[in-house]
Amino acid sequence: MAGGGSRRWLRVLLGVFSVVLLLCGIGTAVGTWVWTRGVIDTRGEVDFVNRLAVPPLAQSRIDGQGRRVFDLRAQPGQRDFGQGGSTATWGFNGDYLGPTLRARRGEQVVVNVVNGIGRPTSVHWHGMHLPAVMDGGPHQMVRPGATWSPQWKIDQPAATLWYHPHPHGETAEQVYRGLSGMFILDDEPSAGLALPRRYGVDDIPVIVQDRKFTSDGRLDEGNSSLGGTGILGDTLLVNGTVGPYLDVSTERVRLRLLNGSNARTYDFGFADNRAFDLVGTDGGLLERPHRTGRIRLSPGERAEVVVSMRPAERVVLRSYPPNHGVEFFGGRFTGGEDTFDVLELRAAGSLAAAPEVPDRLVPVERLDPASAAQTRRFRLNGREINGRDMDLDRIDFAVTRGSTEIWDIEKQDATPHSFHVHDVQFQVLSVDGREPPPELAGWKDTVLVSTVDSLRIIARFADYADPNMPYMFHCHLLQHEDQGMMGQFVVVEPGQRPGRPPGGHGHAQHR
């Protein structure tokens, strides 16, 4: 009897042990599957069969007050991206993305924004220096069917800016469906430089976005849960084109790179490792071109590069693993190890001559840290800044108009963040206590915060003061922004105290 009981217990133990081994095997298999699926690599796998779409220049008119007037309508659409069926999208004046707005320094502009998507929205002029009431953040909401007509004077250097929705809690969704576009500024100093400048010929917008599609062609809006950054797609769109190629007819071509993705960081270079000239960043041209083979852009960042081509050659613009500076596991599931073939450049058999990139571009005034009136600390952790999440009714601090400030930014968690400040262009003083690299030497409005040490920036808050209407500072990973990783500040006159943000969190104007 005792022997039989022992055998039964032995069988039970063996059964339990077998189950444990089976579960371990399944767990190992699942873990291996998840781990191997954590990396995307499209090198040599993209068929570049579609001509790159170049967003049209937005039509404009000069009104009776001498203002340049643009019309933008946010609207639903359908587009076939070649992913198994027609895709429901949103766009400005079309089915996906929007036209490129273009204006010169000194011009007064008006943009009539019509909301035709059936949901409240806004349009933020990313990188633009303008009054807070015209900024297009979450306090300038446009109701369905309404028209909002911000107006301001262009008063900043030539630059590659962009526009996109900024509704609190819904920015990621609206941008992902296609609502964004480029806004190019020109000025006299840049016009006098020997740089490619014929839009759509040798001066090309390159808006890079990653998307996921379902088997029937719909946009997959599910977040990538393991990395905690939001949506990471496995298909790249460039100006809304999948598998794009660009016909090049000149010896040099200027690419205006915009990372328009929700969460993904790119490290752009070329498949043959050729060098190119970085001539501009977020807020305008550099003092001197920077000869390099890589430029890393987090969501919201821009770069202007000039690439030299030889007759009849083909070369692929590639995004290499961007190395966010986060730990190994987190890097794998936040896109830090992914590689993408982005765009193929195809040179004609005979190329029009183009001058060398000038040795000097434009003067860049250096802001003096000794002139800073205040140093502020920003700690990025989870979905909070300085331990607080976004509250549209709270003004976090006030800056005195005309003052210069240093902001000390630190990332304290295991995910990448892209820090954006509205209204101003700033300069990077140091990265981890060291001199910033050449690609961070110019004017910036967005910067990748990728380490646990300090990144220090300096900015001057000039021209516009409003004690009640705030500007935003936030992470530009759009899921993080929507989940509350954002704050707001006002610019006030000397001695003035901050007021209260407008009730209702927005307004709309009807014709």
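This is a predicted model: local features need pLDDT of at least 70, side-chain atom pairs count only at pLDDT 80 or more; totals for chains, interfaces and linings use all residues.
Me: What makes β28 and β30 a strand pair, and which residue of β30 is the bridge partner of V428?
Reply: The bridge partner of V428 in β30 is I457. Strands are DSSP runs (E, at least two residues) numbered from the N terminus, and two of them pair if DSSP finds at least two bridges between them. Strand β28 (residues 427–431) is joined to β30 by 4 bridges, and the two run antiparallel. Residues are numbered from 1 along each chain as its sequence is written, and side-chain values use heavy atoms, with hydrogens and water left out.

Me: How many bridges join β26 to β30, and in which sense do they run?
Reply: Strand β26 (residues 403–411) and strand β30 (residues 454–461) run antiparallel and are joined by 8 bridges. Within β30, I458 is the bridge partner of I406.

Me: Why is β12 described as largely enclosed?
Reply: A residue is buried under 20% relative accessible area, exposed over 50% and partly exposed in between, with a 1.4 Å probe and protein chains only. Of the 9 residues of strand β12 (residues 203–211), 9 are buried, so the strand is largely enclosed by the rest of the structure. D203, P205, I207, Q209 and R211 point one way, I204, V206, V208 and D210 the other, and all are buried. In a regular strand, side chains alternate between the two faces of the sheet.

Me: Which strands pair with β12, and in which sense?
Reply: β12 pairs with β15 in the parallel sense over 6 bridges, and V208 stands opposite N259 in β15. With strand β13 (residues 235–238), β12 pairs in the antiparallel sense over 4 bridges, and D210 stands opposite L236.

Me: What makes β1 and β19 edge strands?
Reply: The open sheet of 6 strands has the order β1-β14-β22-β21-β16-β19, with mixed pairing. β1 (50–51) and β19 (295–297) each have a single partner strand, so one side of each is left without a neighbour in the sheet.

Me: Why is the pair of Y266 and F268 called stacked?
Reply: Rings of Phe, Tyr and Trp (its six-membered ring) pair if their centres lie within 6.5 Å; planes under 30 degrees apart count as stacked, over 60 as edge-to-face and the rest as tilted. The centres of Y266 and F268 are 5.3 Å apart and their planes stand at 25°, so the pair is stacked. Y266 is buried, with a relative accessible area of 0%, and F268 is buried at 1%.

Me: Why does the pair of F378 and F397 have a class of its own to be named?
Reply: Their centres are 6.0 Å apart and their planes at 70°, so the pair is edge-to-face. F378 lies in strand β23 (residues 374–381) and F397 in strand β25 (residues 397–400), so the pair ties together parts 19 residues apart in sequence. Both F378 and F397 are buried.

Me: How do you know that the charged end of R346 sits over the ring of Y245?
Reply: The criterion is that NZ of Lys or CZ of Arg is within 6 Å of the ring centre and within 35 degrees of the ring normal. The charged end of R346 sits over the ring of Y245, 3.8 Å from its centre, and that of R177 sits over W90 at 4.7 Å.
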